[in-house]
Amino acid sequence: MTKVIDWLYEKECTFFRLINGRLHRNSMDHFFHLWTHLGGATATISTSILLLLFLPMHLKSWGIVCMLSLLISHIPVAISKKMYPRKRPYLSLPDTNIGDNPLKDHSFPSGHTTAVFSIVTPLILLNPFIGIFLLVAALLVAISRMYLGLHYPSDVLAGMILGISSSFFSLFLVNSFVLPNFL
């Protein structure tokens, strides 16, 4: 079992180094430093509130789903960061490219990736046309977390799964208990 885990970690580090090292360009630094904030607390909470306030009345339930999904998604993030105290890649891997003020808490899972996917998933379901753009935006947040040396690929993947899962769970809750038959 240890050999399998070591092999997986080696492959993960190889993919991380591809994003963080080989694809790293000074010309893209500013873009990813700004883009990553779309998954941060300020952007995701603000977006959820704005959706709730400004969506037309017949779509307000989708704003509720986004807010609920964001809230629910961070419960397993907080628990996982305590249960699996994984060091961030820049602390473990030499020659990692990092930005200013790197985070010092645990890396698993990616909270930014979780947050952005918890909000965009319901919106993708609501409007698949804009969903393509939202999916690209969310994936760029996920890539930015590796690009900036803050997360391993499995941190980001776990964040994606948590964000998407919390969205579907929130849709179920809102449709079953809060606003039956809103879909």
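Read along the sequence, the chain runs α-α-α-α-α-α-α-α. The model is predicted: local features need pLDDT of at least 70, side-chain atom pairs count only at pLDDT 80 or more, and totals for chains, interfaces and linings use all residues. Residues are numbered from 1 along each chain as its sequence is written, and side-chain values use heavy atoms, with hydrogens and water left out.

**Exercise 1. Overall fold**

Task: How many helices and strands are there in the protein chain, and why does its radius of gyration agree with a compact globule?

Solution: 
- Helices (H or I, at least four residues) and strands (E, at least two) are DSSP runs, numbered from the N terminus.
- The protein chain has eight helices and zero strands.
- The radius of gyration is taken over C-alpha atoms, and the globule rule is 2.2 Å times the number of residues to the power 0.38.
- For 183 residues a compact globule would come out near 16 Å; the chain has 17 Å, which agrees.
- The C-alpha trace spans about 50 × 40 × 25 Å along its principal axes.

**Exercise 2. The H6–H7 pair**

Task: At what angle do H6 and H7 pack, and are they parallel or antiparallel?

Solution: 
- Axes are lines fitted to C-alpha atoms, for helices over the stretch in contact, and angles run from 0 to 180 degrees between N-to-C directions.
- The angle is about 170 degrees, and the axes lie 8 Å apart.
- Angles over 145 degrees count as roughly antiparallel.
- H6 and H7 are therefore roughly antiparallel.
- Contact means heavy atoms within 4.5 Å. Among the H6 residues that meet H7 are Val116, Val120 and Leu123; the H7 side includes Leu134, Ala138 and Val141.
- The residues of this contact divide into 14 nonpolar, three polar and one charged.

**Exercise 3. The second largest pocket**

Solution: 
- A pocket is an open set of points on a 1 Å grid over the protein atoms alone, where a 1.4 Å probe fits, with protein on both sides within 12 Å along at least five of seven lines; lining residues have an atom within 4 Å of a point.
- The lining includes Thr44, Thr47, Ile119 and Ala137.
- By class it holds 10 nonpolar, two polar and no charged residues.

**Exercise 4. The H5–H6 loop**

Task: Where is Pro109 placed, and what is the peptide bond from Phe108 to Pro109?

Solution: 
- Pro109 sits in the loop between H5 (89-92) and H6.
- The bond from Phe108 is cis, with omega near -10 degrees.
- Asp95 is in the loop between H5 and H6. Asp95 has a positive phi of about 65 degrees, although it is not a glycine.

Key:
Nonpolar A, V, L, I, M, F, W, Y, C, P; charged D, E, K, R; others polar. Parallel < 35°, antiparallel > 145°, perpendicular 65-115°, else oblique.
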